[in-house]
Amino acid sequence: MLPDSGLRDSAIVTSSYWLTPIFSLIAAVLFGAGTTAVRQGLRYLDPQTGSVVSIATSVICFLVIAPWWMEMAYWHNPGIWVFAAGGLVHPIFSRFMAYEANKRVGPTVSSAFDGTSPLFAAGMAIAFLDETMTLPIVIGTLLTMGGVMALYWSPSISSKLMQGAALFALGAAFLRALIGVIGKYGLEMLPSPLMGGFVAYLVSTIAASVILAARHRHNPIEFHRRGLAWFAFSGVISGIAVTCFFYALLYGDVIVVTPIVSTVPLFAMLTAVMFRVERITGRILLAVFIVIVGVAVVGFARAS
């Protein structure tokens with residue numbers, strides 16, 4: 001063995017560790033941008049119809065590039081059943097819970113609760129995946145959660161906590177955490193993020209289409225060009241984002257990935273600011289600073 005081979009191997013391992021926070025951050029940015037596209041699309045289409053269009057577009061994107069990544073052996077791997085189960089959780093039911101939370105308690109309350117998903121993810125990852133929390137990861141997780149919740153928290157939320165509707169917001173956060181655990185388990189059997197995303201979104205498309213058809217069996221579904229365009233655009237972004245999310249899980253632990261990906265509400269807000277839907281405020285700047293520190297702490301903890 002060459003004298004510097006140990007240092008070289010250590011450098012390779014360290015660089016691979018950095019792939020986890022990088023892919024997680026890219027996924028958060030893209031999911032946030034997709035949220036803004038959905039917000040625009042909801043001006044023309046109802047949430048359920050738009051959701052089917054978005055998810056189906058993601059599946060089409062996976063199929064277009066399938067010749068470059070799909071292998072027949074993947075279909076014989078039991079991991080596809082794990083990803084299929086994940087498809088029944090996200091995006092179909094997690095989006096339903098999120099939409100219901102938005103409807104009942106408003107987007108501000110539901111977005112504030114998005115920051116709680118790392119708590120659910122950490123508990124499940126420790127219990128079912130034997131992952132271990134370190135002090136730096138705990139600190140970074142709390143910082144990212146604090147940044148997201150500081151962005152949306154208001155005194156009115158405390159009164160809405162008494163409403164049963166707030167459970168939908170917590171349910172959406174729980175399901176988003178659960179898909180991380182399911183995805184990690186599936187990738188241990190079938191280490192193909194593209195296959196994982198494709199199978200999950202294919203199952204979601206089928207289930208969502210059946211539900212949509214059942215609800216509209218007596219009245220036609222109304223489509224609008226601009227609504228279709230916005231939701232199709234969100235589907236393209238979502239397909240790339242979920243692939244990055246699974247790549248992050250492939251290289252790292254759920255307890256590292258989830259705190260970073262849970263910053264989606266922050267990037268949704270920043271995207272809205274870019275499109276002049278929202279304005280920059282002192283609270284946004286404070287939240288950005290806190291989240292950056294939190295993500296940096298989690299990233300450094302992973303690399304070290």
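A residue is called buried when its relative accessible area is under 20%, exposed when over 50%, and partly exposed in between (1.4 Å probe, protein chains only). The model is predicted, so that local features need pLDDT of at least 70 and side-chain atom pairs count only at pLDDT 80 or more, whereas totals for chains, interfaces and linings use all residues. Residues are numbered from 1 along each chain as its sequence is written, and side-chain values use heavy atoms, with hydrogens and water left out.

In helix 2, the buried residues include Thr49, Gly50, Val52, Ile55 and Phe62, where helices are DSSP runs (H or I, at least four residues) numbered from the N terminus. Phe62 also belongs to one aromatic cluster with Trp69, Trp75 and Phe198. Isoleucine 65, by contrast, is found in the loop between helix 2 (47–64) and helix 3 (79–89).

The structure holds nine aromatic pairs, a pair being rings of Phe, Tyr and Trp (its six-membered ring) with centres within 6.5 Å, and planes under 30 degrees apart counting as stacked, over 60 as edge-to-face and the rest as tilted. The rings of phenylalanine 23 and tyrosine 247 are stacked, because their centres lie 5.3 Å apart and their planes stand at 20°. This pair links distant parts of the chain, with phenylalanine 23 in helix 1 (residues 5–41) and tyrosine 247 in helix 10 (residues 225–251), 224 residues apart.

| Residue | Relative accessibility |
|---|---|
| Tyrosine 247 | 26%, partly exposed |
| Isoleucine 65 | 38%, partly exposed |

Technical notes:
Helices (H or I, at least four residues) and strands (E, at least two) are DSSP runs, numbered from the N terminus.
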